[in-house]
Each structure stands twice: as C-alpha cells, then as structure tokens.
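A few questions and answers follow.

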Amino acid sequence: KSCTGGDAPRCALALMLATLRLLQCASLAQRFRKSHISYEDATWKRAFVAETALLSLLRPASAVLLACSPDACGSGGGGSGGSGGGSGGVPTLDVKASRAALRLAEEELCSWMEARGMRDMLHGGRGDAWYLGTNFRVSAHPCSYHLPLHRGYARLLLESMLLLPPDVHATTLLDQAAVPKGFSRAVLEHLIRVAALSAQVGAGVWVRNGNAMPSQDFNYSLERFAHDGRDLDVLLMQFNTATLPDPAALVPLLIERFELCELFRDDASPREPGPRDPTLPQQMQVAEEMLRLLITLLTANDFTAPYTVAERTRHFLVHCLATQARTHSQLLDWVRHAPLAPGAEPVTPRDIDEILHTIAQRSGAQGEYELCPEAWPEVDIHAICIRTRKEQQAAEERLHAQYKKTPDLFTARRAGWGPARTVPWLQPSGGVQMRRCFAKAMKAVGSSAP
C-alpha cells in the first residue's frame, strides 16, 4: 500500500535490487588441487539462468525509471531535475531520477558489502586507496562468477549514460558525498576477483574442477550473455577506477588479485611456484590476460563515448565483423543483444542495412559480410565487445593483414597499436590523469607488491 503513486517505480526498483542481492556470489566454487572432482555440481546453471532473467528486466524497466520525455521535461527545466528534453520526441535522462536509482543501488551494495565483512575497506579505515593484503586468493578461496547486484548497478549506470545528451558530462551522475570513502575500491574488489577467476580458468589452473568452470567462463564471455555479464563488469571497473582517490591503485590491486606479485618483483627473479600454485606458464598466461584487461579499462570507449544510436551501432558492427565474416541473420542476432539504444529499444533492420552498406560488402556462397578496407582503421582490438583472447587474436591478425594491403588508410587513424585513445569521461578526481598514474605505478610496483 505504501508503494503507490509516485513511489511505485522506486519501490519496484528497490524490490528488484533486493532480489538481485539474493543471488550475489551464488554457486561458490573452490579450486581442487589434490584430486579431480568426483562429480560436477550443476547449480551454477540455475544461478546463471536466474541472474540473466532478472538482469534482462532492468533494460526495459530503465526506460520507465530513467527516461524523461520532452513533454514532461520541457525544454529547459528538465522536469524533476532532468537534463532537459530532447528534440523531435527523443527521450533524455531525468538526472534526478537517475541519481535516485543509482543511490538505491549504492545503498544495497553498501549493505551487502558490510554484511560480507568489508566495512573497513568500504569506509576507508586504512585511509589508503590501495588496500592490499586482504589475504584473498582466487586459487585458494571460494569464488563465484555471479555478481548480479554489481551488474544491476552497472546496468542503471549504462542506461543513464545512453540517455545523456551529447553535451552533458557523465560525471553529473556521480555523487561522491553520498557514498562511503572506500566505496569505489570496495566495488572493484569482487569485479577483479571475477576477472582473475576467468583468467585462471582460461589458463587451465582450475582444470581439476571438471567442465563446470570452463562452461561458466564460456557463458560469461559469450556474445549472447556477455552484455549482462562481462561487459557490465568492465564498464563498472572503468567507472569506479576513475573515482578512486588514486586511480594508479588499480595496478597493484590487479597484480595481487591475479596472484602475480612474484612475476612483477624487480628485486629478484621470481621464485619457483609451489606444488599447489599455478605453474609459471600458467602465470604468464594469466599475466597476459591481466594486461589485456588493463589496456581495455584505459582505452575502450564502447559505452563511454557520446555516440548517437547510429554511431554506436556502427561501432559494434565494425568490431563484430573484425573478428570474422558473418551472415545477415548472425548480425541481426548479435545486434539484438547489444546495448545500442536506451531501454532495450530495438534498432530496426533497415537502419542496420544502411550502416552495413557503408562499412561492409557481401561475398561467399552464404552472402557473408566482410569489412570494407575503409572501415578497418576504426577497429580497436582492445574494445569491450572483443571479449576473449581468441577473438582478439583473430581481429589482430585480420587487422594486420589489411594494414599490409592498404597502409595509407591507417596513416591518419591507427587502430590497435600506436597512441592509445582517451576514454572521454574517464577523468579521475583531483584532476590526475589515470594514464600518468599508471606509468608511475608501474615503476613502483616491485616495491609496493607484498
């Protein structure tokens, strides 16, 4: 009865967030180190289906919760704190509603993290953005791929950014005074654990756990599900890294959570791994994945750039075709899951065909689309939508082959190598550029790592 009238959307969102919280860290797994697992637990499948179904509800719900129509917002006032109405009936963001929705998610996250014993980290008890030495190791402690509450928060953030007018900065969504001092660091903790778990599973560290772990990792980065999984994790890592007191803290944090402290010491050669530790080749593969993630966090602008729907659709289609040639039906299915427009608003096949006509050409018996030479310079092999190492390697090889054919096309705009492109809104607090902090941290990482 209390959730009626104007409070109904807020109550509905609070209920959805509380439901997502119930699935946090579901289906915990621990690495088998002595003998192979005797049977494979399939509970992760039920947790995965439940999480995906719940998160899929947030996309259409955000159109009701966050959007402000031109009639409601007006041309100047922005309704109840909105950013102003769009032109031509295009909805824009109600900033006040967006801040309220994000605040609900932040409160639920803070409550969950305090219940998990992260109070000191959350409230900055150490007074230190680095906060290493929490004695957690992915290869030794229980870990889970399931973080639906984090991803629900990221979904609200992403949908808000999709509704922002091009001339409004994304930092308007931030309210640093409303969250605890260590909120960004605490949110990063579990996201990095999942990234480290994915890297270790890919390197074969969890091979004694059977097929359950590779299957989870496969679905985590699969095109069909990654938009509600890995992609949201990367976006939330970008956002919270930018709001750390010292963004360079990300580097030693990644090194510790990926269990690579010995590899990055500069005072001595790495010690030989113990019988229960990942082997040196496995550590090298994990290190490669960590550095790939770091470059993506620093440079990828899939969601952060102020694209129009047409520009974002073009960006995703270019990178979809960079990894392999695809048929028209495959492209339609790929676009259907991609977050190209706010509130799960579909991009029409006609609009897709118009974009494809400018960036690709059809060939082969099945009429597969291949990128035109003029579109290859737009490819960034570290984009968020190029998810796995296999996809990145395929895009890199195809990009290099095209570069050898038409080097002149890459003169003005080099992709994948050369100067890294800036993430437009990723400006850390205090005016310190994350890229400069990264260079400084890499010099000190040997002495900083425990």
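Helices (H or I, at least four residues) and strands (E, at least two) are DSSP runs, numbered from the N terminus. This is a predicted model, where local features need pLDDT of at least 70, side-chain atom pairs count only at pLDDT 80 or more, and totals for chains, interfaces and linings use all residues. Residues are numbered from 1 along each chain as its sequence is written, and side-chain values use heavy atoms, with hydrogens and water left out.

Q: Which helix supplies the largest share of the lining of the second largest pocket?
A: On a 1 Å grid over the protein atoms alone, a pocket is an open set of points with protein on both sides within 12 Å along at least five of seven lines, a cavity is a set where a 1.4 Å probe fits but cannot get out, and lining residues have an atom within 4 Å of a point. Helix 7 (183-202), helix 8 (212-221), helix 10 (230-242), helix 12 (280-299) and helix 16 (389-405) each give at least two residues to this lining. The largest share, six residues, comes from helix 12.

Q: What is the volume of the second largest pocket?
A: Grid points are joined across faces, edges and corners, and a volume is the space filled by probe spheres set on the points. For the second largest pocket this comes to about 620 Å³.

Q: Which residues lining the second largest pocket are the closest to its centre?
A: The lining holds 12 nonpolar (Ala, Val, Leu, Ile, Met, Phe, Trp, Tyr, Cys and Pro), nine charged (Asp, Glu, Lys and Arg) and six polar residues (the others, Gly among them). Of its 27 residues, the closest to the centre are S198, D217, S221, R292 and T388.

Q: Which helix gives the most to the lining of the largest cavity?
A: The largest cavity holds about 150 Å³ of space. Its lining has 14 residues, with F48, E51, H146, R151 and Y220 nearest the centre. Two or more residues come from each of helix 2 (43-65) and helix 8. The most, five residues, come from helix 2.

Q: Which residues lie nearest the centre of the second largest cavity?
A: The second largest cavity has a volume of about 110 Å³. By class, its lining has eight nonpolar, four polar and two charged residues. Nearest its centre lie E106, Y153, L174, Q176 and F239.
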